Amino acid sequence: MIARRLVIENIRSHRRAEVNFEEGFNCIVGGVGQGKTSILYAIHFALFGEPLHRSYDYLMREGASYAKVVFEFEHANRLYRVVRALRRERSRIVQDTSQARLYEGDRLIAWEKAAAVQEQLRAILGIDRR
């Protein structure tokens, strides 16, 4: 898998950010609290859809009502785009499965069910959270 592009909205310290990955080695540099770890957390959420801890509280920007991650990657000479979102529901943060999408090129191959997107990603990449 080759990371190509990441767009995040309301993820931790980022209101909106876009990261374009270059060919070869990429290095994320910044001071404490600048959002380096947030980028890694966003990629994890895009690929696996599960929280690292017991909830998604660590991922959504404080005070935001929604968050979104769009991650583009190349695998086996094909371009993929995965979209995942979070929303605040009463006093907790949940994955907004209505926004879950996986594209191969411009073709939508899984949608609206986190499990369907996850199953397709697992089949394409051959990896899971463990």
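Student: Is His14 buried or exposed?
Tutor: In this predicted model, His14 counts as buried, because its relative accessibility is 13% and the cut-off for buried is under 20%.

Student: Okay, and which strand is His14 in?
Tutor: His14 belongs to strand β2, which covers residues 14–20.

Student: What does His14 touch, if we skip its neighbours within four places in sequence?
Tutor: His14 is then in contact with Ile8, Glu9, Gln34, Gly35, Ser38, Ile39 and Arg61.

Student: How do β1 and β2 pair?
Tutor: They pair in the antiparallel sense, over six bridges. One example is Arg5, whose bridge partner in β2 is Asn20.

Student: And what about the hairpin of β1 and β2, how many residues are between the strands?
Tutor: Two residues, and in that hairpin Arg12 takes a positive phi near 50°.

Student: How many bridges are there between β1 and β3?
Tutor: Seven, with strand β1 (residues 2–11) and strand β3 (residues 66–75) pairing in the antiparallel sense. Among the residues involved is Ala3, which has Phe73 as its bridge partner in β3.

Student: Switching topic: where is Gln118?
Tutor: Gln118 sits in helix α2, residues 114–125.

Student: Why does Gln118 count as buried?
Tutor: Because its relative accessibility is 9%, and buried means under 20%.

Student: So what does Gln118 touch, not counting residues up to four places away in sequence?
Tutor: Gln118 touches Leu47, Phe48, Gly49 and Arg84.

Student: Back to Ala3 for a second, what separates its C-alpha atom from that of Gln118?
Tutor: The two C-alpha atoms are 18 Å apart, while along the chain Gln118 and Ala3 are 115 residues apart.

Conventions
Residues numbered from 1 in each chain as written. Predicted model: local features only at pLDDT ≥ 70, side-chain atom pairs only at ≥ 80, totals over all residues. Heavy atoms only, no water. Helix = DSSP H or I, 4+ residues; strand = E, 2+ residues; numbered from the N terminus. Buried < 20%, exposed > 50% of the residue type's maximum accessible area, 1.4 Å probe, protein only. Contact = heavy atoms within 4.5 Å. Pairing = 2+ DSSP bridges.
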